[in-house]
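Hi everyone, thanks for coming. Today I'd like to walk you through the salt bridges in our model, so let me put it on the screen.

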Amino acid sequence: AVAFDYFVIFNPNSVVPKVEKAYRGRGAEFTKAWRAKQFEYGFLRSITDRHSDFFKVTEDALVYTAKAMDLPLTPETRQNLLNAYLTLEPWPDSVAALRKLKASGVRIITIANFSDRMLR
């Protein structure tokens with residue numbers, strides 16, 4: 001069996017176009033800061049025994065990032081950007097590699113701290 005974390009299979013940078021649409025010229029910068037805050041919040045909540053599912057962590061990190069970068073976050077923009085994490089695109093070689101592993105009889109296991117909603 002081979003275990004993969006979801007961020008090895010799915011490209012978290014696939015949210016950049018939606019962020020760029022919301023914040024022209026700041027998409028990559030915003031996404032990098034947002035992702036860093038996601039992991040910071042996730043780790044801090046884990047070590048302080050205040051676990052939140054990753055979608056909530058993602059939302060809290062989004063709110064923080066918008067405020068830190070002094071950018072408006074309307075309810076519509078907030079929802080659009082959060083929805084981007086519900087439709088992450090796989091890395092270009094992920095699907096073919098997973099199919100090849102499965103065809104060769106390797107059991108594939110995924111590991112994720114994503115919420116149930118994100119996993120669906």
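Let's begin with Glu40, which is partly exposed, at a relative accessible area of 36%. Please keep in mind that this is a predicted model. Which residue does Glu40 pair with in a salt bridge? The partner is Lys37, and the closest N and O atoms are 3.0 Å apart. Both residues sit in helix H3, which covers residues 27-47, and they are 3 residues apart, about one turn of the helix. Is Lys37 buried or exposed? Lys37 counts as buried, because its relative accessibility is 11% and the cut-off for buried is under 20%.

The side chain of Arg45 meets that of Asp60 in a salt bridge, at 2.7 Å from N to O. Arg45 belongs to helix H3 and Asp60 to helix H4, residues 54-68, so this pair ties together parts that are 15 residues apart in sequence. Arg45 is buried, at 19% relative accessibility, and Asp60 is buried too, at 18%. There is also a network here: salt bridges link Arg45, Lys56 and Asp60.

Next up is Arg78, which forms a salt bridge with Glu59, with 3.1 Å between the closest N and O atoms. Arg78 lies in helix H5, residues 75-84, while Glu59 is in helix H4, so the pair ties together parts that are 19 residues apart in sequence. As for accessibility, Arg78 is partly exposed, at 30%.

And how many salt bridges does a search of the whole structure find? It finds 5.

Definitions and conventions:
Residues numbered from 1 in each chain as written. Predicted model: local features only at pLDDT ≥ 70, side-chain atom pairs only at ≥ 80, totals over all residues. Heavy atoms only, no water. Salt bridge = Lys/Arg side-chain N within 4 Å of Asp/Glu carboxyl O. Helix = DSSP H or I, 4+ residues; strand = E, 2+ residues; numbered from the N terminus. Buried < 20%, exposed > 50% of the residue type's maximum accessible area, 1.4 Å probe, protein only.
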